[in-house]
Amino acid sequence: MTNVHVALRAIFLRFPILPLLIASVSWGQVTTATFYGIVTDPGGAVIPGAAVTLTQADTGAVITTNTDPAGEFTFDFLKAATYDLRIEAQGFKLRSTKGIELSASQKFRGTFGMELGSVSETVTIEGQSTQLNTVSAEQRQTIGRQELTELPVAQRSFDNLLSLGTGVQLSSTGGLRLNGIGRSGVKITVDGTDGSSNPENAGTGLKNNFNIIHTLSMEAIEEVETTKGVTPAEYGQQLSGNVNLTTKSGSNT
């Protein structure tokens, strides 16, 4: 046993919980969204102290905050869902933005301009356009509830939709290549935790490929997220990228 091994053994004996903490850090991945915003007046100046309300469309859950002295606000740890945004500030019309879709691990940044007027007046914007990711450098593809429900899929196995994205090669046994890197370079997760039956040769297929339904039934999936390229630090133990399945949860319907 080397001196390094002796030192590590002494540390773990003294702090037995440390290995568990290390394991949790290396395996966990972000499955929630972050929403950054800045509120401005018609001249482009920031508006501090504006009241900002974010409402989840499916459940009616409400989160509130205020813009800081730089006119910025942040909502983090958001469930992947569709949201409505409401911004109020003295001397400006109320601004309502509906249908903001956030996916797992997405970092959304937007600028929200206010119009001069009474707070009793409302400016409503619906059908928010797709935003470019200006916060991080990864390549992301999201397959949402509508695609999973309506697109015809062979054998009702979600992985047959992955090839809709660029740089994705899929084998009949659930093996994946992202951006040309070998199968062992990809990581498969379910709600951010390891979801591959073979950690040495990751794929969506079960061990020995005994089931044509891979990893999880499509009826249980809310969203399929493929992240590749220059991935953030939380996507550990992979070379080419990560495929994460987000499971469905309850709503008011």
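Biologist: Which strand does strand 2 join by six bridges?

Modeller: First, the ground rules: this is a predicted model, where local features need pLDDT of at least 70, side-chain atom pairs count only at pLDDT 80 or more, and totals for chains, interfaces and linings use all residues. Residues are numbered from 1 along each chain as its sequence is written, and side-chain values use heavy atoms, with hydrogens and water left out. Strands (E, at least two residues) and helices (H or I, at least four) are DSSP runs numbered from the N terminus, and two strands pair if DSSP finds at least two bridges between them. Running antiparallel to strand 2, with six bridges, is strand 5 (residues 81-88).

Biologist: Which residue in strand 5 is the bridge partner of valine 52?

Modeller: Look across from strand 2 to strand 5, which run antiparallel. The bridge partner of valine 52 there is isoleucine 87.

Biologist: Which strands stand at the edges of the open sheet of five strands?

Modeller: The order is 9-14-15-12-13, with mixed pairing. Each edge strand has a single partner strand, so one side of each is left without a neighbour in the sheet. Those edges are strand 9 (138-143) and strand 13 (193-194).

Biologist: Which residue in strand 13 stands opposite valine 190?

Modeller: Strand 12 (residues 186-190) and strand 13 run antiparallel, joined by two bridges. Opposite valine 190 stands threonine 193.

Biologist: How far apart in the chain are aspartate 58 and arginine 145?

Modeller: They form a salt bridge (a side-chain nitrogen of Lys or Arg within 4 Å of a carboxyl oxygen of Asp or Glu). Their closest N and O atoms are 3.7 Å apart. Aspartate 58 sits in the loop between strand 2 and strand 3, and arginine 145 in helix 3 (residues 145-150). The separation is 87 residues.

Biologist: Is aspartate 58 buried, partly exposed or exposed?

Modeller: Buried means under 20% relative accessible area, exposed over 50%, and partly exposed in between (1.4 Å probe, protein chains only). Aspartate 58 has 28% relative accessibility, so the class is partly exposed.

Biologist: Which parts does the salt bridge of glutamate 115 and lysine 93 tie together?

Modeller: Their closest N and O atoms are 3.6 Å apart. The two residues are 22 residues apart in sequence. The pair therefore ties together the loop between strand 7 (107-113) and strand 8 (122-125) and the loop between strand 5 and strand 6 (94-102).

Biologist: Which residue meets glutamate 219 in a salt bridge?

Modeller: The N to O distance is 3.1 Å. The partner lies in the loop between helix 3 and strand 10 (168-170), 63 residues from glutamate 219 in sequence. The partner is arginine 156.

Biologist: How many salt bridges does the structure hold?

Modeller: Some share partners, joining Asp58, Arg145 and Glu222 into one network. The count for the structure is five.
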